[in-house]
Amino acid sequence: DYLVKPFTFDLLLAKIRRTLDAVPGQSHVQPRGVSGSLSEMALPDIIQILSAGRKSGALRITYSGGEGVLFFRDGLIVDAESVGGWGEDAVYELLAVEDGDFELDSTRSASRTTIDSSTEALLLEAARRLDEERAQP
């Protein structure tokens, strides 16, 4: 399957779901979420898809340095936890991860709200921090 640019994130998500549902040898039970490799789809892209689709659930990220989780409510990141902390700091830590795995569990929800910033603001701040970090000798 392929997408022709420009495309909507809802279309991409629908194609991903259809592809996962069509895996031979799998039962016809609907999966609870979506999972994959961050080397195939970067975390900022996944976040944008979930945000555009106004999805809710827990996005678990596992990588060689540990693991973390981003909690979404109606497309907004409302809480995050990682090895290094929680809240916005955890979001920035997880957005620096380039190699690992992700799994979305739409049945889990946030028990608290620690993040008030918009998803776009979080992504922009994470990009700024990564740029500054890479620019340091």
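A salt bridge is a side-chain nitrogen of Lys or Arg within 4 Å of a carboxyl oxygen of Asp or Glu. By this criterion the side chains of Arg-128 and Glu-132 meet in a salt bridge, with 2.6 Å from N to O. The model is predicted, so local features need pLDDT of at least 70 and side-chain atom pairs count only at pLDDT 80 or more, while totals for chains, interfaces and linings use all residues. Residues are numbered from 1 along each chain as its sequence is written, and side-chain values use heavy atoms, with hydrogens and water left out.

**Overall organisation**

The protein has 4 helices and 6 strands. Helices (H or I, at least four residues) and strands (E, at least two) are DSSP runs, numbered from the N terminus. Along the sequence the pattern is α-β-α-β-β-β-β-α-β-α. Of the 137 residues, 34% count as buried. Buried means under 20% relative accessible area, exposed over 50%, and partly exposed in between (1.4 Å probe, protein chains only). Contact means heavy atoms within 4.5 Å. Among the contacts with a separation of 6 or more, 62% come from residues 24 or more positions apart.

**Nonpolar cores**

In soluble globular proteins, nonpolar side chains tend to be buried together. A nonpolar core is here a set of buried Ala, Val, Leu, Ile, Met, Phe, Trp, Tyr and Cys residues joined through side-chain atoms within 4.5 Å. The largest such core has 25 residues, and those with the most contacts inside it are Leu-43, Ile-47, Leu-59, Ile-61, Leu-70 and Val-91. At least two residues of this core come from each of α2 (43-52), β2 (57-63), β3 (66-73), β4 (76-82), α3 (88-95), β6 (100-105) and α4 (119-135). Helix α3 gives the most to this core, with 5 residues. Another core lies apart from it and has 5 residues, among them Ala-58, Phe-71, Val-78 and Ala-110.

Leu-70 touches Leu-43, Ile-47, Gly-57, Ala-58, Leu-59, Ile-61, Asp-79, Ala-80, Val-91 and Leu-94, when residues up to four places away in sequence are not counted. In α2 the buried residues are Leu-43, Ile-46, Ile-47, Ile-49, Leu-50 and Ser-51. Just after α2, Arg-54 takes a positive phi of about 50°.

**Packing of α1 on α2**

The axes of α1 (residues 9-21) and α2 come within 9 Å and cross at roughly 105°. Axes are lines fitted to C-alpha atoms, for helices over the stretch in contact, and angles run from 0 to 180 degrees between N-to-C directions. Phe-9, Asp-10, Leu-12 and Leu-13 of α1 make the contact with Gln-48, Ile-49 and Ala-52 of α2. By class, this contact has 5 nonpolar, 1 polar and 1 charged residues. Ala, Val, Leu, Ile, Met, Phe, Trp, Tyr, Cys and Pro count as nonpolar, Asp, Glu, Lys and Arg as charged, and the others, Gly among them, as polar.

Leu-11 also has its place in α1 and counts as partly exposed at 39% relative accessibility. Leu-11 and Ile-49 are 38 residues apart in sequence, and their C-alpha atoms are 9.8 Å apart in space.

**Salt bridges**

The whole structure holds 8 salt bridges, including those tabulated here.

| Pair | N to O distance |
|---|---|
| Glu-98 and Arg-134 | 2.9 Å |
| Glu-125 and Arg-128 | 2.5 Å |
| Arg-128 and Glu-132 | 2.6 Å |

Glu-98 is exposed, with a relative accessible area of 55%, and Arg-134 counts as exposed at 54%.

The other two pairs lie within α4. Glu-125 and Arg-128 are 3 residues apart in this helix, a separation of about one helical turn. Arg-128 and Glu-132 are 4 residues apart in α4, again about one turn of the helix. Arg-128 counts as partly exposed at 38% relative accessibility, and Glu-132 as partly exposed at 43%. Glu-125, Arg-128, Arg-129 and Glu-132 are linked in a network of salt bridges.

**A loop position**

Gly-65 is found in the loop between β2 and β3 and counts as exposed at 52% relative accessibility. The C-alpha atoms of Gly-65 and Val-97 are separated by 9.0 Å, with the two residues 32 apart along the chain.
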